[in-house]
Structure formats: C-alpha cells, structure tokens
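This report covers strand pairing and salt bridges. Please look at the sequence and the structure first.

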Amino acid sequence: MNILVEPHPQGVVLSVKAFPGAKKNEIRETVGGELKVCCTQIPEKGKANKAILEVLAKGLKLRKSQLTLLSGETDAHKKILLEGITAEELRDRIPS
C-alpha cells in the first residue's frame, strides 16, 4: 500500500482523503497516496472530522489522544498527526 507519510518530531503525518456520509465507518484503500477513510457522520460543525479521527484510531489501534488534525478542517484532503508511531509501524497497522 503506497501512502503518503511524512516524518514529524512527535510521530508521523498521514495524508487522508475523508468520505463523510458513507454507509459505514471504515478504512479503505489508498487514493492517490492518501488513505481513504469513510465515516457515517455528515460534515456538520466538525462532527465528521471527529468521526474520521475515531475511525482511524480504532483501525490503527491507537488512542484518540494520539491523533491530531493538522490541516483540512473543511476539506476532504486532511493531514493528521499520529503521535508515538513510526512510518513502518503505521504501514503494518493499516488494514489491507
């Protein structure tokens, strides 16, 4: 799986393409180097962003407190900081 992961002093920055309003919460394949993350929540007052972080935390076996939205609050393309994990560990945890 070819995903865009950037090193960060606190962990790694993951590029995500968000799909709010989906039929179910799940992590899917990569789309142009971004990890496709679907959530059932509609994009309203930050609810979808919170849901995307929860789906990622559960799918990657991380605590919600380890994830921070760095950019893309109102955009489908998001950059998310994952603290306390390396790029290699992240690639191993992404469901295939």
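## Strand pairing and salt bridges

Strands E2 and E4 run parallel and are joined by 5 bridges. Within this pairing, Val16 stands opposite Leu35 in E4. Strands (E, at least two residues) are DSSP runs numbered from the N terminus, and two strands pair if DSSP finds at least two bridges between them. The model is a predicted one, in which local features need pLDDT of at least 70 and side-chain atom pairs count only at pLDDT 80 or more, while totals for chains, interfaces and linings use all residues. Residues are numbered from 1 along each chain as its sequence is written, and side-chain values use heavy atoms, with hydrogens and water left out.

Strand E2 spans residues 11–20 and is mostly covered, with 7 of its 10 residues buried. Buried means under 20% relative accessible area, exposed means over 50%, and partly exposed lies in between (1.4 Å probe, protein chains only). E2 also pairs with E6 in the antiparallel sense over 7 bridges, where Gly11 stands opposite Glu83 in E6. A further antiparallel pairing joins E1 to E2 through 4 bridges, and the bridge partner of Pro7 in E2 is Val12. E1 and E2 form a hairpin with 2 residues between them.

Strand E3 (residues 26–31) pairs with strand E4 (residues 34–39) in the antiparallel sense over 4 bridges. Here Ile27 stands opposite Val37 in E4. The hairpin of E3 and E4 has 2 residues between the strands, and Gly32 takes a positive phi near 60° in this hairpin.

Side chains of opposite charge can pair when their charged atoms come close. A salt bridge is a side-chain nitrogen of Lys or Arg within 4 Å of a carboxyl oxygen of Asp or Glu. The whole structure holds 5 salt bridges, including those in the table.

| Salt bridge | N to O distance |
|---|---|
| Lys79 and Glu6 | 2.9 Å |
| Glu26 and Lys24 | 3.9 Å |
| Lys36 and Glu29 | 3.8 Å |

The side chains of Lys79 and Glu6 meet in a salt bridge. Lys79 lies in strand E6 (residues 77–83) and Glu6 in strand E1 (residues 5–8), so the pair ties together parts that are 73 residues apart in sequence. Lys79 is partly exposed at 27% relative accessibility, and Glu6 is partly exposed at 37%.

In the pair of Lys36 and Glu29, Lys36 counts as buried at 13% relative accessibility, whereas Glu29 counts as partly exposed at 40%. Salt bridges that share partners join Lys24, Glu26 and Arg28 into one network. Glu26 is buried, at 19% relative accessibility.
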